[in-house]
Amino acid sequence: MKILVAVKQVPDTATQVKISSDPKAIDTAGITWIVSPYDEFAIEEALRIKEKRGQGEVVAVTLGPDRAKETLRSALAMGCDRAIHVNDPALANADTMTTARALAAVVKQEAPQLVLCGRQAIDDDAGAVGAQLAEVLGWPCASWIMEETIDADAKTVRVGRQVEGGLEVFDIPLPAVLSAQKGLNEPRYPTLKGIMGAKKKEIKDVKASDLGLSSITPELSITALEALPARPPGRIIPGDVKDAVKELVRSLREDAKAI
Amino acid sequence: MKIFNEQHQMFRATVRSFVEKEIMPHVEEWETAGQMPRWIWPRMGELGLLGVEYDEKYGGGGSDFLTSAILHEECARSRSGSFAMAVGVHCDMASPHLYWTGSEALKEKYLPAMCRGEALTAIAVTEPGGGSDVAAIRTRAVRDGDHYVINGSKMFITNGATADVFFLAARVEAGSEGKRHQGISVFLVERTTPGFTVSRTLDKMGMRASDTAELSFQDMRVPVENLLGREGVGFYEVMRVFQRERLVAGLHAVAMADRAVADTIAYVRERQAFGGPLSDKQVIRHKLADLATQIEAGRWLTYAACAKFAAGEDCVREISMVKLFTAEMVNRVAYDCVQLHGGYGYMREYAVERFARDARLMTIGGGTSEIMRDIIAKAILP
């Protein structure tokens, strides 16, 4: 069975994000870029499905600038068979809906039986693309999945998705879009062999026009990014414990209005 | 200036994740136990971390020396000098003897298991009566039919109590005046060979999770086909692999120092004294600036030698400088990092205390600073 995995390149989780001189963007200088961690769960699951079935193809796809190719090479090093890079300046300011439309166009060309992605990218945390992609395609979608089992003839998938205090289990007809939650699996590291082999695997470059996307007008655009206000310093209440507790309670009640 | 390519960076990410997730949580436990569990080797083999430069037909990675360099840097970032050293010995001090000088039959027989982490290796050169003076080796190998009969002992052998395969240097003929470097050979010896004994495991100041042993051999019969390379040229082979070993030591020293300074920076930002964090005090800031500068100097001296070594150029002088400079540097860094931690730096519960003990080996193991100075002096004042 053919599986498409949608991945996104994001700043490393340890990045101290700063707003650039353009208040609509972050300063990308010195950022280490990684595969969004939830997308790694999606890649891992796709590879496991292929390994379990003993056949199939896993295709990684991303939308992003030149540097996003590193993310595809990481996916290939983990074991994906080939990759597609939607790389077009016209898509530089793509909102989630535009991204979903572009990915839907890739899906139509590739015709996979399953699309996997992370539950959200850890940069803007929108968590919208998976569901929007399913909507554009008219496919069923399950988000935040913790487990999946595909039946022998790849007609349906049973998924367990995380809900408060347990799992919600669905049987979904394929093709479908699934988004991965942490806990679905433990992603493998690319082995040296995988890294060396990734060089020889194909990464196809695709422009918006190749996907038949004519007018690209994002429905959402960023007005401004604002940094969080600096946290005010804490207050230490000195003195005898008994008096300090009284003062603490008074302050929580009257100043902070927390109790 | 960039010396690593994208493929190297990807490999670094793999080793770093592995070390952070699977090694670092156990470091304290292994230090206390005085040993590392066996599972790390097959696990590393599975990830392709053992034998990264060896040909794929033997189960190696088919990659380059800079890939090895990354492996050793990342292992040394684990805060466990022991782990880094054990990996360094297996990958770049012991098994290279087989890969670079072994016969095709020996390579086919032993390398795949070494790359899979099923056979752990050690290098047995040093003897109770001599370390850096390799020509002083007294362990004897006497030809008897299709075997060599080996008698003698070896000292300070890293992985000595746990390795399955040893690369053993022995005299095949007595050294004569003016020819003392001749007559030494390196043999591949399985630990199960009758006459092979681990006499004792040594109790060390640092590197306590790594086993170090004294070995003895009594009428140990080793098949002639286990001779590596030509008979009698082992001294030169040992010296050649020493170059690799000393570069790895340089990579270890820099990465260990880097980690210790990062930990110390985190500490001085937290630690409050005289109404503010220590990191606000100029004396602390300047000390850390000095340490970071020394590390950077060590890093680029090491990288420059790595680039030369990788290109196959003669760089004994440069590598000796790397070994000398970085080993002395990591000890200065260790001293200051303990100092910056104050009383806590002297406590076992802080990793910096272990770092100081682990670092102490660096000016001794793999050729002392004194020997390095001798080599450099010979090169610049022939």
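## Interface of chains A and B

Across the interface of chain A and chain B, 5 residue pairs are in polar contact, both residues being at pLDDT 80 or more. A polar contact is a pair of N or O atoms within 3.5 Å; within protein, one must be able to donate a hydrogen and the other to accept it, and residues adjacent in sequence count only if both atoms are side-chain atoms. In chain A, α2 (69-78) and α5 (192-198) each supply at least two residues of the side that touches chain B. The largest share of that side, 4 residues, comes from α2(A). Its residues divide into 6 nonpolar, 2 polar and 4 charged. Here Ala, Val, Leu, Ile, Met, Phe, Trp, Tyr, Cys and Pro count as nonpolar, Asp, Glu, Lys and Arg as charged, and the others, Gly among them, as polar. Helices (H or I, at least four residues) and strands (E, at least two) are DSSP runs, numbered from the N terminus.

The contact (heavy atoms within 4.5 Å) takes 12 residues from chain A and 18 residues from chain B. Between them the two chains bury about 1,300 Å², with 63% of it on carbon and sulfur atoms. Tyr189(A), Leu192(A) and Ile195(A) supply 54% of the area that chain A buries against chain B, more than any other three residues. Buried area is the accessible area (1.4 Å probe) that two parts lose on being put together, summed over both. The count between the chains is 1 salt bridge: Arg73(A) pairs with Glu6(B), and the closest N and O atoms are 2.7 Å apart.

## Basis of the model

This is a predicted model, in which local features need pLDDT of at least 70 and side-chain atom pairs count only at pLDDT 80 or more, while totals for chains, interfaces and linings use all residues. Residues are numbered from 1 along each chain as its sequence is written, chains are lettered from A and ligands numbered from 1 in the order in which they are written, and side-chain values use heavy atoms, with hydrogens and water left out.

## Salt bridges within the chains

A salt bridge is a side-chain nitrogen of Lys or Arg within 4 Å of a carboxyl oxygen of Asp or Glu. By this rule the count over all chains is 43. Glu44(A) and Arg48(A) form one at 2.6 Å, N to O. The two residues are 4 apart in helix α1 (residues 37-53) of chain A, so about one helical turn separates them. Glu44(A) is buried, at 2% relative accessible area, whereas Arg48(A) is partly exposed at 36%. Buried means under 20% relative accessible area, exposed over 50%, and partly exposed in between (1.4 Å probe, protein chains only).

In chain B, the side chains of Asp144(B) and Arg221(B) meet in a salt bridge of 3.0 Å, N to O. Because Asp144(B) lies in strand β2 (residues 140-144) and Arg221(B) in strand β7, the pair ties together parts 77 residues apart in sequence. Asp144(B) is partly exposed, with a relative accessibility of 38%. Arg235(A), Glu247(A), Arg250(A), Glu254(A) and Asp255(A) are joined into one network by salt bridges that share partners.

## Surroundings of Lys204(B)

Lys204(B) sits in the loop between β6 (196-201) and β7 (212-223) of chain B, and is partly exposed at 21% relative accessibility. A polar contact of 3.0 Å joins its side chain to that of Thr212(B). A polar atom of the Lys204(B) side chain also lies 3.2 Å from the backbone oxygen of Met207(B).
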